[in-house]
Amino acid sequence: MMEYVVEIERCGSINKAAKNLYLSQPNLSNALKNLESELGYTLFVRKNSGIQLTNAGRIFLSSAKIIVSEMQKIHQIPRMFTEHKNISLSCTYYSVFMHEFLRFKKEISQEDIEDNFKETGLIQTIQDIIERHYRICLFYCFECNESKYQKIAKKYNLNMQCIASDIPLQVMVPQTHPISRKKSIDVVDLPRYNLVNYQNFDFSDWLQILGLENDHRVLYVFDRGGLFDAVRESGYFSVIIKSHPDYSAQNGCVFLPLVGLKEKLKVFLLQENSYQMNEREHRFVQQLIHCMKDISANESPKT
């Protein structure tokens, strides 16, 4: 019945809505009357300009649209989780995720399979799984925030699994930056410099833990390309999760270990509790786990 109300409001006419719903006009009118009788209030009124929502109807419609959308997602679950053989991945910005994904596609190429890879911020990538736009998610966060995301996973019936821990951070600076010749950067020195950071991360998840303020010294960008351009061309620095040494050779940039920070990062895999990864997704995740172990073991990134 919810979809009936949504369609009537969209069409502005019971006759038009009945045709779209493959119902007779009397049957749809009776269904609407029965619903209004059950609710105890009127949803629509007839005017010269056509049928219109009442104030109560507007409130009802906002909830009805959400319910209809969620029901559509529920009906799509079997098709999402049983038919597809491709990788369906949303992940936070991290060069290792992208490099390993491309290496996997090159080594295990299948022309008849179209993999889906999305790189975005932490907030959006978790939302992608909650809304079922993607089937698996990879993200990183500080250990102190792990319980926060475990609660979100539990709320939305998701399985959150740690696949790598104790991943260090490094500071990326242009070769012309005064601190580029240092052997390392202490976290207490970070507030002295201008920082570029990703927009789609909560302040408490990242900058606050680094001891930084959310002020004019911070430039926010939406992708890795913008972050690297800001570092190379404008003298900003950025604090990023450590990459494999082979991935750190970016033109015009120097990568220095960040020291003095007690918090370490963990990398997590997030998916529906009821979902079992297909073979292709499973092989990719296993490859990534081996790569992350190598990164954790190597404490001296090349510059």
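Modeller: A disulfide is defined here as a pair of cysteine sulfur atoms within 2.5 Å. Please bear in mind that the model is predicted.

Colleague: How many disulfides does that rule give?

Modeller: The count is 0 disulfides.

Colleague: Is Cys137 buried or exposed?

Modeller: Cys137 has 0% relative accessibility, so it counts as buried.

Colleague: And what about Cys144?

Modeller: For Cys144, the closest cysteine sulfur is in Cys141, at 7.9 Å, again too far for a bond. Cys144 counts as partly exposed, because its relative accessibility is 39%.

Colleague: Turning to the sheet, in which order do the strands lie?

Modeller: The order is 8-12-7-11, in an open sheet of 4 strands with mixed pairing. Strand 8 (185-186) and strand 11 (238-241) are the edge strands, each pairing on one side only.

Colleague: How many bridges join strand 7 to strand 11?

Modeller: There are 4 bridges, and strand 7 (residues 169-174) and strand 11 run antiparallel. As one example, Met172 has Ser238 in strand 11 as its bridge partner.

Colleague: Which strands does helix 8 lie across?

Modeller: Helix 8 (residues 224-234) lies across strand 7, strand 11 and strand 12 (253-259). Relative to strand 7, helix 8 runs at about 55°.

Definitions and conventions. Residues are numbered from 1 along each chain as its sequence is written. This is a predicted model: local features need pLDDT of at least 70, side-chain atom pairs count only at pLDDT 80 or more; totals for chains, interfaces and linings use all residues. Side-chain values use heavy atoms; hydrogens and water are left out. Buried means under 20% relative accessible area, exposed over 50%, partly exposed in between (1.4 Å probe, protein chains only). Two strands pair if DSSP finds at least two bridges between them. Helices (H or I, at least four residues) and strands (E, at least two) are DSSP runs, numbered from the N terminus. Contact means heavy atoms within 4.5 Å. Axes are lines fitted to C-alpha atoms, for helices over the stretch in contact, and angles run from 0 to 180 degrees between N-to-C directions.
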